[in-house]
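Subject: Structure handover

Hello,

Please look through it first, then read the notes below.

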Amino acid sequence: MRTRLWPIDLRGLMFFVVLLSVLATLTNGLLVSYRTQRDALINSALDANSAYAGKVASSISEFLTAAQSRLKYSADVLSENWDDPAALRAEAIRLQAQDADFNSIVIVDDKGKVLQAYPDTLQIVGSTVRPDGLQLVLSQHRPLISDAYLSVTGNLVVAISQPIYHVSGQFMGAIGGSVYLRKQSALHSVISNHFHQEGTLALVVDGNRRLLYHPDQNRVGEILEGDGAIEAALQGNVGSMQNVTNTGVLMLAGYAPVPLASWGVVVQMPADRALSSLGKLLKEVLEGMIPAGIVGLGLIFAATALIARPLRQLSDIAQQLAAMETPTQLQRVNAWYREAAAIRRAMLTGVQLLQQKLGRLAQEAQSDPLTGLANRRAMTEALSLLDQAEQHYSMLSLDIDHFKRVNDTFGHDAGDRALKFTSEILKRNSRTGDLVCRSGGEEFTLVLPDTTLEVATAIAERIRESVAVSEIPGIGKITLSIGVACRSAEFPTPEAVQRLADERLYHAKDEGRNRVVS
């Protein structure tokens, strides 16, 4: 089937492939840059929010500790004047007036009866406190911070309480200060005073997941369920996470606990806001790459033209391989890199060496009439072609041992049979592409293209053994001595390789014949 050719030359194809690779690399680089910058911005926002949450949680803890410390001082004063209602009222007024942290002060006895309250707008003195305010401290007799609850007046408050003990150690009652959550208070100031990035949202929740603080006052008091950051903070963990809200918005949240109150602080920012600068960064990167890209395209065009030139010349020459001047034209091609040089050598071999089919020369003038093998002339031309093509090869120089004795003992016809017998074994043990020659008398030569010295030695051993174990009718057994040589930097010419092979053949004779020397 005829192959459909694309309407594009090698230079255009190379330019297209390289350009496609550059664009793919550029695209991949931009994607990697995008992911790297995105991860960096997200991690930076997560770290900042985690640090902010930790600072807010620390400030709340300091606020609560200070508030309990002031309540503890008042508890000690009250324990000394427990039976003096005027002293109790004076201390409640002093504490509420001097401490802006509390919106109201309540003093109760060990049964929960209100002894004093200030301001007492609802006139609750003498009544019993509800179970959601100071009742817990009355049962546990220790400093406590309540969860958020609705007061009698309808305010959402948190109670900070301190037990009151007599000097004898008897539990007498408790004093508590309330902090309004839906009105501006010291707690709001503590949370909102921290510097934070625009778009950052700080939340504080109690153990019931109820919002104690939110920038939107209307949301204070809501109960938030299923928020991973809130759950992590209430479990006492410090860290950050990417959190998806119920509305499907990806938030970058940092969280920290307030152990003193079993509260949690969450600071979060929408991921879109944290990544708002990413587009600008990528645009700057792309704009910075444009000048280099223009220069790169020019270099690519020039490089593809330079690389394609020798291949284009070789392609033109390939259209006229049969011409006499083709080898000369091939030699003139500046094949400056390995692949082009390899193609040129292959074409030289195809024009000169392979056209003659190494070892299958059809011309009668290059054949030995007795054995049908190539003669010395054919061998010389083949070696010349291999040399011009700079092709690696090995050479075997073979000689029948005591051949004169065969002629003297059995006659020249027997000697001819021995030569034919030997040539047949050489043919059987040679490979396609090898050239088997009768170089003169009882001497033979094998030319083995693209064959290492080790492989050539193995072939020589196989030939020697095949001859040594074979019986020639009417003659018996004969042996061969073989010398092996290989083209190398030290022996670069055919004459040098042949001379080395002959020397090794004579060495094999001197060592006792019927052996291979390499």
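Pro119 sits in the loop between strand S2 (114-118) and helix H3 (135-140). Helices (H or I, at least four residues) and strands (E, at least two) are DSSP runs, numbered from the N terminus. The peptide bond from Tyr118 to Pro119 is cis, with omega near -5°.

Before going on, some notes on the source. This is a predicted model, in which local features need pLDDT of at least 70 and side-chain atom pairs count only at pLDDT 80 or more, while totals for chains, interfaces and linings use all residues. Residues are numbered from 1 along each chain as its sequence is written, and side-chain values use heavy atoms, with hydrogens and water left out.

Backbone

Most residues other than glycine have a negative phi, and most peptide bonds are trans. His141 is not a glycine, yet its phi is positive, at about 55°. His141 belongs to the loop between H3 and strand S3 (144-145). His141 counts as partly exposed because its relative accessible area is 34%; buried means under 20%, exposed over 50%, and partly exposed in between (1.4 Å probe, protein chains only).

Arg209, also a residue other than glycine, has a positive phi near 65°. Arg209 is in the loop between S7 and strand S8 (211-213). With 23% relative accessibility, Arg209 is partly exposed.

Second largest pocket

Rolling a probe the size of a water molecule over the atoms shows where empty space is left. The search used a 1 Å grid over the protein atoms alone: a pocket is an open set of points where a 1.4 Å probe fits, with protein on both sides within 12 Å along at least five of seven lines, whereas in a cavity the probe cannot get out. Grid points are joined across faces, edges and corners, and a volume is the space filled by probe spheres set on the points.

How much space lies in the second largest pocket? The value is about 340 Å³. The second largest pocket is lined by 18 residues, and Arg219, Leu224, Asp227, Thr245 and Gln268 are the closest to its centre. A lining residue has an atom within 4 Å of a point. Strand S7 (201-205) and strand S9 (239-244) are the elements that give two or more residues to this lining. By class, the lining of the second largest pocket holds 7 nonpolar, 8 polar and 3 charged residues. Here Ala, Val, Leu, Ile, Met, Phe, Trp, Tyr, Cys and Pro count as nonpolar, Asp, Glu, Lys and Arg as charged, and the others, Gly among them, as polar.

Salt bridges

Side chains of opposite charge can pair when their charged atoms come close. A salt bridge is counted when a side-chain nitrogen of Lys or Arg is within 4 Å of a carboxyl oxygen of Asp or Glu. By this rule there are 14 salt bridges.

One of them joins Lys427 and Glu424, at 3.7 Å from N to O. Both residues are in helix H12 (residues 412-429), 3 residues apart, which is about one turn of the helix. Lys427 is partly exposed at 35% relative accessible area, and Glu424 is partly exposed at 39%.

Asp110 pairs with Lys111, and their closest N and O atoms are 3.5 Å apart. Asp110 is partly exposed at 33% relative accessibility, whereas Lys111 is exposed at 64%.

Is Asp434, the partner of Arg431 in another salt bridge, buried or exposed? Asp434 is buried, because its relative accessibility is 6%. Arg431 is partly exposed, with a relative accessible area of 35%. The closest N and O atoms of Arg431 and Asp434 are 2.9 Å apart.

Distances

Ala274, in helix H6 (residues 271-274), is buried at 10% relative accessibility. Ala274 and Ala340 are 66 residues apart along the chain, and their C-alpha atoms are separated by 55 Å.

Leu30 is in helix H1 and is partly exposed, with a relative accessible area of 24%. Between the C-alpha atoms of Leu30 and Glu490, 460 residues apart along the chain, the separation is 54 Å.

Regards
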